[in-house]
Amino acid sequence: MDIGAVVVAVAGMAGTLGGAFLTQRAAERAKVRELDLLRAQEQTRDDLLLRRTCYAELNRDARQFTTALTRHLHLLRDGSVEDADRQALDEAKRAHRDRYSEAQMIAPDEVLVRASAVNKALNEVYGRVKRLERGDADAPEDTFDAVAAARDGIWDLLRDMRAAMRHDLGVSPAG
């Protein structure tokens, strides 16, 4: 047998084995890329679900806090605030605080700017309502009418927040 033929045979066999090896490695890399893509899609879906849940709860709790402030103002005007009413208002405040805290860890800046404006307005009106309730509302902005007007302004902030959330979720265009 000729040495050249042996070299050609060995080279052919090495090429065949090497080709199979390279094909197997390429298939493994493709599978890893496919799994990475699947994980990324699952993470994106999970993130979207988490934000959607957080946004729905934040929107609900902010609206309920606003409604509780409205109810409390009406009770103050009527002079009929009871401990249960105070507790209901404070519970609405706590629920909103907890949801807003969660949103601070999840929401992008575009949403947080609007959520922060809502949070600030709610807490300012809450403070003014409590001053009215205690009878130490000395500032001109702490009259029933001024506090009610400030509370009414929260609804516009809530609409802006909701629009930003819906845009972030891809439900509606930026507006």
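Trainee: Which residues of helix 2 are buried?
Mentor: Bear in mind that this is a predicted model, where local features need pLDDT of at least 70 and side-chain atom pairs count only at pLDDT 80 or more, while totals for chains, interfaces and linings use all residues. Residues are numbered from 1 along each chain as its sequence is written, and side-chain values use heavy atoms, leaving out hydrogens and water. Buried means under 20% relative accessible area, exposed over 50%, and partly exposed in between (1.4 Å probe, protein chains only). By that cut-off, the buried residues of helix 2 are Asp85, Leu89, Ala92, Ala95, His96, Arg99, Tyr100 and Ala103.

Trainee: How many helices does the chain have?
Mentor: Helices (H or I, at least four residues) and strands (E, at least two) are DSSP runs, numbered from the N terminus. From that end, the elements run α-α-α-α. With 0 strands in the chain, the count of helices is 4.

Trainee: How far apart are the end C-alpha atoms of helix 2?
Mentor: The expected span of a helix is 1.5 Å times one less than its number of residues. For the 24 residues of helix 2 that should give 34 Å, and the model agrees, with the ends apart by 35 Å.

Trainee: And what span should helix 4 have?
Mentor: Helix 4 covers residues 144-169, which is 26 residues.

Trainee: Is Ala148 buried or exposed?
Mentor: Ala148 is found in helix 4. Its relative accessible area is 16%, so Ala148 is buried.

Trainee: Which residues touch the most other members of the largest nonpolar core?
Mentor: A nonpolar core is a set of buried Ala, Val, Leu, Ile, Met, Phe, Trp, Tyr and Cys residues joined through side-chain atoms within 4.5 Å. The largest one has 34 residues. Those touching the most other members are Leu58, Phe65, Leu69, Leu89, Leu122, Val129 and Met161.

Trainee: Which helices each supply at least two residues of this core?
Mentor: Helix 1 spans 3-78, helix 2 spans 83-106 and helix 3 spans 109-134. Each of these supplies at least two core residues, and so does helix 4; the names are helix 1, helix 2, helix 3 and helix 4.

Trainee: Which residues is Leu122 in contact with?
Mentor: Contact means heavy atoms within 4.5 Å. Set aside the neighbours of Leu122 within four places in sequence. What remains is Ala62, Phe65, Thr66, Leu69, His96 and Ile154.
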